[in-house]
There are 2 protein chains.
Amino acid sequence: MSAEKAPQLLALDWGTTSLRAFLVTADGTAVERLSAPRGILQLKDGDFAADYEEIAGDWLARYPQLPAIACGMIGSRQGWREAPYAEAPAGLAELAKGLVSVAGRNGHRLAIVPGVVYRAAAAPPDVMRGEETQMLGALADADPAGPTVFVLPGTHSKWAIAEAGRIVWFATFMTGELYAVLKAESILGRLMTGEGEDTRSFRLGLARAADASPAAGALLHKLFSARSLALFDELPATGIASYLSGLLIGSEIDEALAAVSARLGLRPLCVTLIGEAALSRLYREALGARGIEGRLAEPDATARGLLAIAQAAGLLGW
Amino acid sequence: MSAEKAPQLLALDWGTTSLRAFLVTADGTAVERLSAPRGILQLKDGDFAADYEEIAGDWLARYPQLPAIACGMIGSRQGWREAPYAEAPAGLAELAKGLVSVAGRNGHRLAIVPGVVYRAAAAPPDVMRGEETQMLGALADADPAGPTVFVLPGTHSKWAIAEAGRIVWFATFMTGELYAVLKAESILGRLMTGEGEDTRSFRLGLARAADASPAAGALLHKLFSARSLALFDELPATGIASYLSGLLIGSEIDEALAAVSARLGLRPLCVTLIGEAALSRLYREALGARGIEGRLAEPDATARGLLAIAQAAGLLGW
């Protein structure tokens with residue numbers, strides 16, 4: 001390993017159900033990585049220090065002076081130590097200022113990145129933990145002059161607007177979780193057969209979501225169409241899951257675009273997608289059906305975001 | 001029992017999870033009744049004739065000439081015999097025409113009421129089984145000159161418009177099922193504590209649903225507010241279930257009112273509620289918050305609807 005490629009940071013993305021860890025060089029490259037199903041909900045007795053040692057112990061033995069930083073639910077009330085939310089607008093400086101620190105075994109310190117809260121008058125607050133770091137990592141790659149609209153699909157999808165290096169607005173959509181519970185527990189799930197994607201049914205769901213006429217109703221009514229279309233063989237049982245996916249993703253996009261457009265005063269023509277590959281592909285298609293380009297962020301945005309926050313906090317010593 | 005009060009009809013409301021049966025007099029009074037957890041999904045081997053005998057055998061022995069009629073999922077493809085959907089507009093004549101008949105043990109015939117399908121151009125079909133009978137029963141009590149808007153809250157809530165004794169339009173909303181699966185399986189359910197209603201939180205959910213500004217998003221975003229408000233102690237853990245209930249019921253009402261108003265060309269000031277008492281009370285409050293009176297239908301609308309259909313079909317012999 002050349003000197004330029006020597007790791008400068010141990011970076012952890014420590015979420016609810018999984019943990020990913022990276023050895024990151026000064027240019028943001030992840031030269032080593034590991035992942036484990038050791039999210040904060042998986043820990044038996046909440047002994048985060050023991051888990052941290054088990055995950056990162058080898059690296060810490062090899063690089064005892066390496067600074068370490070983590071983002072995600074590890075900083076929540078249920079995590080290792082609560083890192084209180086930074087208020088939006090929030091960028092590298094605000095997140096660096098909000099770092100909290102815990103001591104692992106052998107005295108290794110681990111800095112924990114705060115989440116971000118967005119507050120608006122007369123509306124409930126919204127929160128994120130981990131996504132702020134992904135977005136700032138993507139901005140470290142390419143921060144355009146104008147605003148950037150981010151879409152982070154998942155269990156709780158996030159849409160966000162960044163301007164001049166700071167997250168100025170965001171909103172959460174329970175799309176992925178709704179899909180999961182409806183598939184697992186509802187009459188729609190009981191009607192589903194087969195595995196895999198059905199492109200035609202997905203597009204049918206997208207189109208149903210897009211019908212904004214009063215007669216078409218909104219999501220509570222449209223969900224039932226997955227049942228009624230199947231009843232009359234207008235939707236194959238093997239396509240119900242994809243139809244539901246298209247209906248929910250399309251509904252999220254329409255909700256979010258209205259909010260983003262109201263905030264920006266214009267409709268975005270391009271958004272930056274950060275997420276798992278298969279899901280990002282579905283969102284790209286759904287966005288394309290609305291005339292919007294979904295650009296995929298470079299991989300490992302979290303590692304680069306953690307590096308940027310650590311740099312802003314002076315953790316790297318240079 | 002006087003002659004006037006002699007039962008004229010054995011009437012069954014035979015649904016997915018439960019069965020209710022009535023001995024009905026000529027004026028629509030249910031003089032005897034029973035209910036059992038014997039919905040079509042509870043039957044072990046689909047031997048509906050055996051179940052019917054077990055439920056109604058005593059009555060049929062006492063009144064061997066009594067005509068019998070059933071509505072609900074017993075007429076679905078998974079029921080005793082499929083009674084194909086009647087097309088809306090549908091009233092007593094259309095339902096009577098669509099009756100199918102099965103033979104119980106001892107040769108007793110049972111007539112089964114068809115469900116109703118509503119088809120509109122460029123929209124998925126919608127369906128009901130059982131609700132059509134409840135509504136026609138309520139219309140038998142009071143059929144005003146103008147249109148009647150019905151609301152039947154439940155797992156799959158129905159909104160419908162009846163004109164001149166026929167159901168001309170309806171739509172289904174998956175409100176109750178969404179509430180159940182989110183309560184049982186989602187992060188929102190895991191955050192809930194305590195039992196019982198919390199009126200303040202219910203009203204907070206109603207108000208959140210009513211915010212139609214683009215920035216407020218729609219249901220996928222609003223659902224997350226149950227989590228974020230609880231996180232900042234703006235919603236007690238004991239109130240999350242009621243908040244979710246208010247959010248979902250309020251969203252259903254707003255979706256449905258838009259569709260009903262588009263159909264009628266005016267916003268209804270009064271709707272007729274048919275449903276379980278506690279749920280109807282919540283809907284009355286939610287409707288009231290939108291300036292709409294929710295009138296409760298007389299109990300046993302199903303029994304009177306079945307009587308009216310049996311009369312229209314000439315089953316009563318007079």
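Reply: In chain B, helix α4(B) passes helix α8(B) in a right-handed crossing. The model is a predicted one. Helix α4 spans residues 175-185 of chain B and helix α8 spans residues 240-264 of chain B; their axes lie 10 Å apart and form an angle of about 155°. Angles over 145 degrees count as roughly antiparallel, and α4(B) and α8(B) are therefore roughly antiparallel to each other.

On the α4(B) side, the contact is formed by Thr175(B), Leu178(B), Tyr179(B), Leu182(B) and Lys183(B). The α8(B) side contributes Ala241(B), Leu244(B), Ser245(B), Leu248(B), Ile249(B) and Glu252(B). By class, the residues of this contact of α4(B) with α8(B) comprise 7 nonpolar, 2 polar and 2 charged.

The partner chain may now be considered. Contacts with chain A involve 42 residues of chain B, which meet 42 residues of chain A. Both α4 and α8 of chain B are among the elements that give two or more residues to this side, together with β9 (126-128), β12 (166-173) and α7 (219-231). The largest share, 9 residues, comes from α7(B). The side of chain B that touches chain A divides into 26 nonpolar, 10 polar and 6 charged residues.

Chain B is superposed on chain A by a rotation of 180° with 0.0 Å of shift along its axis, at an RMSD of 0.0 Å. This is the relation of a two-fold axis. In chain B, the C-alpha of Val181(B) is the one nearest the axis, 3.1 Å from it. Of the interface residues of chain B, 100% are also interface residues in chain A, so the copies meet through the same surface.

Notes
Residues numbered from 1 in each chain as written. Chains lettered and ligands numbered in written order. Predicted model: local features only at pLDDT ≥ 70, side-chain atom pairs only at ≥ 80, totals over all residues. Axes fitted to C-alpha atoms, helices over the stretch in contact; angles between N-to-C directions. Helix = DSSP H or I, 4+ residues; strand = E, 2+ residues; numbered from the N terminus. Parallel < 35°, antiparallel > 145°, perpendicular 65-115°, else oblique. Left-handed = near helix turned anticlockwise from the far one by under 90°. Contact = placed C-beta atoms within 7 Å. Nonpolar A, V, L, I, M, F, W, Y, C, P; charged D, E, K, R; others polar. Least-squares fit on C-alpha atoms with pLDDT ≥ 70 in both.
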